[in-house]
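Biologist: I would like to learn how to read a ligand site and the fold around it. Please take me through an example.

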Amino acid sequence: MAGKIVSIHSFRGGTGKSNTTANLASQVALTGKRVGVVDTDIQSPGIHVLFGLDEQKMGKTLNDFLHGKATIREVGFSVGDNPGDGEGLVKLAGKNLFLFPSSIKGGDISQILREGIDFNMLNEGLQTAITEFELDYLFIDTHPGLNEETLLSIATSDILIIILRPDSQDLQGTSVTVDIARSLDVPNLFLMVNKALPKYDFAGIKSDIEKQFQATVTSVLPLSFDMAENASKDLFSLRYPDHEWSVALKKVVPYILEAK
Amino acid sequence: MSDAILQKIRKTEFFKELSDAATSAVAENASVRHYVPNETVMRKGDPADSFFVILDGHLKIVTTDAKGDEIIINKVGPGEAIGELALVDDRPRSAGVIALDEVEVLELTKEAFFKLLEQRLDVSLGILRGFSNRLRFSTTYIEKVIDWSQKTAAGDYSFLEQTQPITNPAGSDDAKAAQLLSTFYSMVRKVKEREDDLKHELERLTFEIDQERRKREFDEITSTEFYANLKEQAKALRQKRNSK
Ligand SMILES: Nc1ncnc2c1ncn2[C@@H]1O[C@H](COP(=O)(O)OP(=O)(O)OP(=O)(O)O)[C@@H](O)[C@H]1O
Ligand SMILES: [Mg+2]
């Protein structure tokens, strides 16, 4: 069976897409699956940091592929072979987790923004990544909002996870994405709430949002100072597996593994 | 006892109905005590074997709530009496009393008090008059509860902010009334807490989606040529992958 594309999306920026994508992909890799992570947030890439990759360590990028300067095989960076030195990251040693980073060089970013993305090429790249790396799951970290590359990632995904904060502004924006996902026949649509103030009734939030959208809310993740302080350096859910945020994040894993 | 003290005694609520001679008789049978700030004057549960009339300074009358936190049920000052009801009803102290500043009180023991009542009709009559005044004043508590009830019913919880639930000018440790007040006070506080919790839930329940805007934005995106192509491609892609 072909590998599945899992897109992680949010209406607003800073909702936690990159952290969720990196942690979810790692959790799935820990179960023994072969996992890829693509950063399609070409304008403001960021997920590489969570895997301990910096500009020096970064080899070929998605930008090189899109400009015909590298193959997908060359772009794929094996996190399992080069785990960072974070307490959480080292747990990925030997796992099959591959990162397909976007370039963080200013010149590369402005070039691609100027020239635009060849969608057929990006699409082909995603499919090639799955076949060449024999991936079970390819996670896509997207740019917030509904720009063209995000629409493409939604269109090609087998599983779409929309992250939202529990407030009306996010619900409004999310409602459009949900409609788009349905219009594009995305087979598996899930919502995940992040940054919920602990004083709220999480079960209530879950059921309210499920009712609004007639879609599954996998879990509600708390707004947490620990997370704000420690994330973005290491993989939080691997480093603090028993933390409330990690426990709620791990609840998403079975939805991914069981999706048809 | 000095004239200054006699003057002060005469100004107290409890003894103000007494004649000069009766006041002197009281002074002769009582003793003056001093307390420093935060010093405990009475403990809840102590045997009630004397009562005090405040000559100078202020004291707080305290009890504890279910969690063991101190609740100030009253503040008393010069001219007010404390512990006098317990003298008559023979029960232990129903609340604690702590000095807030430098305090001077006149202490009259139960024994001396009864001796005075027995021997001097003028003292007895004066005190009786004082008590009947007090009885009138204790309706202050009831009025307070009525006032709070009306405010609570109207959703006005502003009185909770005044952490000291009462400043009764009549001064009193009328135990049962004070207890009623403090129970009422904590009840209202709990009602308010529950109401606040409920408000959070209401906030959560008022997630409102503007359906018109939702549709408008959906139409804007889906009406483009890009989108039409994308939809076609996505369909083809899925068919291809499903057939694999
Ligand atoms: N539950 C949380 N509690 C506290 N801080 C959080 C939580 N989730 C994420 N953060 C923090 O919020 C910030 C944004 O997270 P992240 O980069 O994952 O979001 P994003 O959606 O990818 O943002 P962007 O739209 O900029 O790509 C980060 O600093 C992260 O540490
Ligand atoms: Mg991001």
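This is a predicted model: local features need pLDDT of at least 70, side-chain atom pairs count only at pLDDT 80 or more; totals for chains, interfaces and linings use all residues.

Biologist: What does the secondary structure of chain A come to?

Modeller: Chain A has 13 helices and eight strands.

Biologist: How many of the residues in chain A are buried, as a percentage?

Modeller: Buried means under 20% relative accessible area. By that cut-off, 61% of the 260 residues in chain A are buried. The accessible surface of the chain is about 9,800 Å², and carbon and sulfur atoms account for 49% of it.

Biologist: And sequence separation in the contacts?

Modeller: Take the contacts in chain A between residues at least 6 apart in sequence: 78% of them join residues at least 24 apart.

Biologist: Now the ligand. Which residues are closest to ligand 1?

Modeller: The shell holds 19 residues, and the closest are Lys17(A), Ser18(A), Asn19(A), Asn194(A) and Pro222(A). By class, the shell divides into seven nonpolar, nine polar and three charged residues.

Biologist: Which polar atoms does ligand 1 meet?

Modeller: One nitrogen atom of ligand 1 lies 2.8 Å from a polar backbone atom of Pro222(A). For Ser224(A), a polar backbone atom is 2.9 Å from a nitrogen atom of the ligand. On the side-chain part, an N or O atom of Lys195(A) is 3.0 Å from a ligand oxygen atom. Ligand 1 taken alone exposes 640 Å², and the protein buries 79% of that.

Biologist: Which elements give two or more residues to the shell?

Modeller: They are α1 (17–30), β7 (188–196) and α10 (225–230) of chain A. α1(A) gives the most, with three residues.

Conventions. Residues are numbered from 1 along each chain as its sequence is written. Chains are lettered from A and ligands numbered from 1 in the order in which they are written. Side-chain values use heavy atoms; hydrogens and water are left out. A residue is near a molecule or strand if one of its heavy atoms lies within 4 Å of it. A polar contact is a pair of N or O atoms within 3.5 Å; within protein, one must be able to donate a hydrogen and the other to accept it, and residues adjacent in sequence count only if both atoms are side-chain atoms. Accessible areas come from the Shrake-Rupley method with a 1.4 Å probe; for residues, only the protein chains shown count as cover. Helices (H or I, at least four residues) and strands (E, at least two) are DSSP runs, numbered from the N terminus. Ala, Val, Leu, Ile, Met, Phe, Trp, Tyr, Cys and Pro count as nonpolar, Asp, Glu, Lys and Arg as charged, and the others, Gly among them, as polar. Buried means under 20% relative accessible area, exposed over 50%, partly exposed in between (1.4 Å probe, protein chains only). Contact means heavy atoms within 4.5 Å.
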